[in-house]
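Thanks for coming, everyone. I would like to walk through one structure with you this morning, going from the whole chain down to single residues.

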Amino acid sequence: MTDPLLQALGWNPDWEAKRRELDTRSRPARVVRHDAVKVLVATGTALEHVTFSRSTPLAVGDWVMIANETVTHLLPRDNELARDTGDYGTQVIGANIDVVVVVFGADRPLKQRKVMRFVAFAGDIGATPIVIVSKIDVLDDPESVRTLLRDWIPGVDVLLTSVTADIGIPDVFDALSGRTAT
């Protein structure tokens, strides 16, 4: 399946191979919102609310197969972003994530442990971290922040942005193009 609209949602040959293993006539869709009793899915050409079995634990980012306004299959996840809810167990809040975007404002001091913790978290789920420092227009020397971060987290992309000064926004879009981010 080479549907360019599905590819824009993250569909690739690996997902196609997983779909073929199911030998189903259902069509692929990506979960974009979870509304408890239904999910909103993107098919590449439309957004649709579909029902699902309560025994199928869905999360935003999941790839599913749908037919007749119902989820028929959940494709195996590449990874998941989950949190421990204590007595209720683990809650999956995102799935199949390529990139974890960590954003810090330049209007506050950066804390090395916090930066490193979020970057490590991305690695723990098998995603690529990208650090974005926003509001760099308030700094006299924005590049010094990039240098500091690169010392703390070598090999991690660091993007400097400012919405008010229109700096770095295209870099963010380029870094996320064709990827699933949270």
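The protein chain has 5 helices and 10 strands, where helices (H or I, at least four residues) and strands (E, at least two) are DSSP runs, numbered from the N terminus. Please keep in mind that this is a predicted model, in which local features need pLDDT of at least 70 and side-chain atom pairs count only at pLDDT 80 or more, while totals for chains, interfaces and linings use all residues. Residues are numbered from 1 along each chain as its sequence is written, and side-chain values use heavy atoms, with hydrogens and water left out.

Taken along the principal axes, the C-alpha atoms of the protein chain fill a box of roughly 60 × 40 × 25 Å. Of its 182 residues, 38% count as buried; here buried means under 20% relative accessible area, exposed means over 50%, and partly exposed is in between, with a 1.4 Å probe and protein chains only. The accessible surface of the protein chain comes to about 10800 Å², and 51% of that belongs to carbon and sulfur atoms, the areas coming from the Shrake-Rupley method with a 1.4 Å probe, where for residues only the protein chains shown count as cover.

If we take contact to mean heavy atoms within 4.5 Å, then of the contacts in the protein chain with a separation of 6 or more, 55% are between residues 24 or more positions apart.

Which residues have the most contacts inside the largest nonpolar core? They are Val 100, Val 115, Val 131, Val 133, Leu 149 and Ile 153, in a core of 21 residues, a nonpolar core being a set of buried Ala, Val, Leu, Ile, Met, Phe, Trp, Tyr and Cys residues joined through side-chain atoms within 4.5 Å. At least two residues of this core come from each of strand 8 (99–105), helix 3 (112–124), strand 9 (128–134), helix 4 (142–152) and strand 10 (157–160). Apart from it lies another core, of 10 residues, which includes Val 39, Val 50, Phe 52 and Val 71.

Arg 150 lies in helix 4 and, at 44% relative accessibility, counts as partly exposed.

Now to the aromatic residues, where a search of the whole structure finds 3 aromatic pairs. Rings of Phe, Tyr and Trp (its six-membered ring) pair if their centres lie within 6.5 Å, and planes under 30 degrees apart count as stacked, over 60 as edge-to-face and the rest as tilted. The pair of Trp 11 and Trp 63 is edge-to-face, because the ring centres are 4.8 Å apart and the planes stand at 70 degrees. This pair links distant parts of the chain, 52 residues apart, with Trp 11 in the loop between helix 1 (4–8) and helix 2 (13–22), and Trp 63 in strand 4 (residues 63–67). Trp 11 is buried, with a relative accessible area of 3%, and Trp 63 is buried as well, at 0%. Phe 104 and Phe 118 also form an edge-to-face pair, with ring centres 6.4 Å apart and planes at 65 degrees. Here Phe 104 belongs to strand 8 and Phe 118 to helix 3, 14 residues apart. Phe 104 counts as buried at 11% relative accessibility, whereas Phe 118 is partly exposed, with a relative accessible area of 35%. Finally, ring pairs link Trp 11, Trp 15 and Trp 63 into a cluster.

Two backbone details remain. Asn 68, in the loop between strand 4 and strand 5 (70–74), has a positive phi of about 50 degrees although it is not a glycine, and Asn 68 is exposed, with a relative accessible area of 76%. Asp 166 is not a glycine either, yet has a positive phi of about 55 degrees; its place is in the loop between strand 10 and helix 5 (169–176), where Asp 166 is exposed at 61% relative accessible area.

I will end with Leu 47, which is found in strand 3 (residues 47–51). Is Leu 47 buried or exposed? It counts as exposed, because its relative accessibility is 58%. Leaving aside its neighbours within four places in sequence, Leu 47 is in contact with Val 32, Leu 40, Val 41 and Ala 42.
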